[in-house]
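Here is a short briefing to read alongside the sequence and the model. Please keep both open as you go.

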Amino acid sequence: MIPLERLGQRSGLRLGIMGGTFDPIHIGHLVTAEEALLQFELDEIVFMPTGQPPHKSSQVASPEARYMMASVATATNPRFWVSRLEIDDAGVDYTVDTLDRLRAACRPDAELFFITGADAVLDILTWKEPDRLLGLCEVIAATRPGYDLGRLAGVLADLAHKENVHVMEIPALAVSSSMIRERLAQGKSVRYLVTEGVAALIAKSDSYGLQASLGRNGHDLGSG
Ligand code: NAP
């Protein structure tokens, strides 16, 4: 849980917000957050698992399971936090509303950096109040090397504050949540693609249908 009160008191805070479904959280997300921390000289990163994403009717794992996996994955990093802000909100969560709430909790001189995947940012024109959103924060769009940046530039062309969008190449983003879900469905190993704690949580839970398809005992996520 993030101590927003404590963060809110800090002057000159540079706060990263990792927005995503995290279904499940994997090493690509963790490397992205660490790289953003270094490249943009951030003080702390808050992982913000979506509750009910505006653009999706359902995910595979429940919001609570995704929150728990994010908490376990980030536990050992003293500058990584996980927020329940969107998870606990019964309604649809729009990023601009989340940023409003975080900004209200921080001092006026705080700087917010919203970090997410470049493919998600490609749809930013369909998000709620994209112009105002880009006035509230800097957006860091994470991609794997070789990504076609032309499309993103085209999407951003008419937005005010488009200079507030930064692209960050992360080789570890060759890993994706969908790849991990596919491997799990095929009974393949996800060792080293997710942290050990997340692998253990997946093995113990019903989040990805493992219990139903493989039986309650004996499934080794590290084999195969
Ligand atoms: P998505 O469409 O599931 O993901 C698009 C791509 O971005 C995927 O390749 C995904 O990889 C990657 N990605 C997602 N989050 C990432 C992160 N933090 N770091 C690196 N790569 C990331 O997108 P989503 O996860 O549902 O949504 C992303 C964020 O945008 C969320 O915070 C969501 O609330 C926000 N959003 C807001 C609105 C709105 O306000 N109207 C609309 C859409 C999205 P993985 O699958 O491996 O993560």
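Which residues does Leu 201 touch, not counting residues up to four places away in sequence? The residues that Leu 201 touches are Met 68, Met 69 and Val 72, where contact means heavy atoms within 4.5 Å. This is a predicted model, in which local features need pLDDT of at least 70 and side-chain atom pairs count only at pLDDT 80 or more, while totals for chains, interfaces and linings use all residues. Residues are numbered from 1 along each chain as its sequence is written, and side-chain values use heavy atoms, with hydrogens and water left out.

**Overview and confidence**

- The protein chain has ten helices and six strands; helices (H or I, at least four residues) and strands (E, at least two) are DSSP runs, numbered from the N terminus.
- The average pLDDT of the protein chain is 89, and 88% of the residues score at least 70; pLDDT is the predictor's confidence in each residue, from 0 to 100.
- Over residues 212-224 the pLDDT is below 50, and this stretch has 19 contacts in the model beyond near neighbours in sequence.
- Where pLDDT is low, the predicted coordinates should not be read in detail.
- Of the 224 residues of the protein chain, 47% count as buried (under 20% relative accessible area, with exposed over 50% and partly exposed in between, using a 1.4 Å probe and protein chains only).
- Taking contacts in the protein chain between residues at least 6 apart in sequence, 76% join residues at least 24 apart.

- Six strands form an open sheet in the order 3-2-1-4-5-6, with parallel pairing; two strands pair if DSSP finds at least two bridges between them.
- Strand 3 (80-82) and strand 6 (165-169) are at the edges with a single partner strand each, so one side of each has no neighbour in the sheet.
- From one strand to the next, the twist averages 25°; axes are lines fitted to C-alpha atoms, for helices over the stretch in contact, and angles run from 0 to 180 degrees between N-to-C directions.
- Strand 5 (residues 138-143) and strand 6 run parallel and are joined by five bridges, and Ile 140 has His 166 in strand 6 as its bridge partner.

**Helices on the sheet**

- Helix 2 (residues 27-39) packs on the sheet, touching strand 1 (14-20), strand 2 (44-49), strand 3, strand 4 (111-117), strand 5 and strand 6, and its direction makes about 145° with that of strand 2.
- Helix 3 (residues 63-74) also packs on the sheet, where it touches strand 2 and strand 3; the direction of helix 3 makes about 165° with that of strand 3.

- Strand 2 runs parallel to strand 1, with six bridges between them, and parallel to strand 3, with three bridges.
- Phe 47 stands opposite Met 18 and has Val 82 as its bridge partner in strand 3.
- Thr 50 is in the loop between strand 2 and helix 3 and is buried, with a relative accessible area of 11%.
- Among the residues that Thr 50 touches are Gly 20, Arg 66 and Glu 86.

**Back to Leu 201**

- Leu 201 lies in helix 9 (residues 196-204).
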